[in-house]
Amino acid sequence: MAICLYEHNQSAYLSVKAMLSSKGKAAVIHPTGTGKSFIGFKLCEEHPDKKICWLSPSKYIFATQLENLANASEGYRPENVEFITYARLMNMTDMEMRKIEPDYMILDEFHRCGALAWGQGLGRLLDMYEGVPLLGLSATAVRYLDNQRDMSDELFDGHIASTMTLGEAIVRGILHPP
């Protein structure tokens with residue numbers, strides 16, 4: 001396998017696999033810079049025969065994640081992933097959504113799915129593919145300026161595979177202090 005996860009992401013990934021198997025949903029809430037996207041890419045790598053729909057706020061985020069992945073994994077690039085932005089998703093027709101046919105879905109920065117328009121697009125997709133395993137990645141689950149909505153409860157029924165605070169990441173030496 002081309003992707004070798006750091007210890008904190010390896011333990012999170014093992015928890016994700018178990019939770020996806022038992023609950024069908026799993027969220028990972030780790031600070032920015034800890035390599036959450038590698039957890040999603042590991043899922044892609046271990047299931048090369050499965051189609052994975054990776055949703056994210058922007059194409060720039062996709063490009064940056066793919067660049068980091070290529071640098072860290074001897075050039076590995078997932079061929080089984082369809083990247084879609086939340087903005088594009090909200091404008092897709094039902095016919096376009098039916099063509100996605102995912103075996104897994106990854107919601108990157110899933111706290112943003114609480115936005116009205118983006119949330120409606122995602123809701124249509126989730127209704128269409130009810131039962132497809134769902135992995136969420138975010139630095140926070142809470143929409144602080146939106147009545148403190150906890151998107152891990154709304155999207156993942158509270159199934160959190162791994163959580164880490166910024167302070168914990170600094171104390172553990174995963175991130176450098178500011």
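Modeller: Here come some questions and answers about this predicted model. Residues are numbered from 1 along each chain as its sequence is written, and side-chain values use heavy atoms, with hydrogens and water left out. Since the model is predicted, local features need pLDDT of at least 70 and side-chain atom pairs count only at pLDDT 80 or more, while totals for chains, interfaces and linings use all residues.

Biologist: How many helices and strands are there in the protein chain?

Modeller: We take both from DSSP runs, numbered from the N terminus: a helix is H or I with at least four residues, a strand is E with at least two. On that basis the protein chain has eight helices and eight strands.

Biologist: What is the radius of gyration of the protein chain?

Modeller: It's taken over C-alpha atoms, and the globule rule to hold it against is 2.2 Å times the number of residues to the power 0.38. For 178 residues that rule gives 16 Å, and the chain comes close to it, so it is as compact as a globular protein of that length. The radius of gyration itself is 15 Å.

Biologist: What percentage of the residues count as buried?

Modeller: Buried means under 20% relative accessible area, exposed means over 50%, and partly exposed is in between (1.4 Å probe, protein chains only). Of the 178 residues in the protein chain, the buried ones make up 51%.

Biologist: Is Lys 36 buried or exposed?

Modeller: Lys 36 is found in helix 2. That helix is mostly covered, with ten of its eleven residues buried. Lys 36 has a relative accessible area of 12%, so it is buried.

Biologist: Which residues does Lys 36 touch, leaving out those up to four places away in sequence?

Modeller: A contact means heavy atoms within 4.5 Å. By that cut-off, Lys 36 touches Asn 9, Val 28, His 30, Pro 31, Leu 137, Ser 138 and Ala 139.

Biologist: Which residues of helix 2 are buried?

Modeller: Ten of the eleven residues in helix 2 are buried. They are Lys 36, Ser 37, Phe 38, Ile 39, Gly 40, Phe 41, Lys 42, Leu 43, Cys 44 and Glu 45.

Biologist: Which residue forms a salt bridge with Glu 46?

Modeller: A salt bridge is a side-chain nitrogen of Lys or Arg within 4 Å of a carboxyl oxygen of Asp or Glu. Here the closest N and O atoms of Glu 46 and its partner are 3.4 Å apart. The pair links distant parts of the chain, 29 residues apart, with Glu 46 in helix 2 and the partner in helix 1 (residues 7-23). That partner is Lys 17.

Biologist: Where does Arg 124 sit, and where is Asp 94?

Modeller: Their side chains meet in a salt bridge, 3.0 Å from N to O. Arg 124 is partly exposed at 30% relative accessible area, and Asp 94 is partly exposed at 37%. The two are 30 residues apart, with Arg 124 in helix 6 (residues 116-128) and Asp 94 in helix 5 (residues 94-98).

Biologist: How many salt bridges does the count come to?

Modeller: Besides those pairs, Glu 109 and Arg 112 meet in a salt bridge at 2.8 Å, N to O. There's also a network of salt bridges linking Glu 7, Glu 168 and Arg 172. The count comes to nine.
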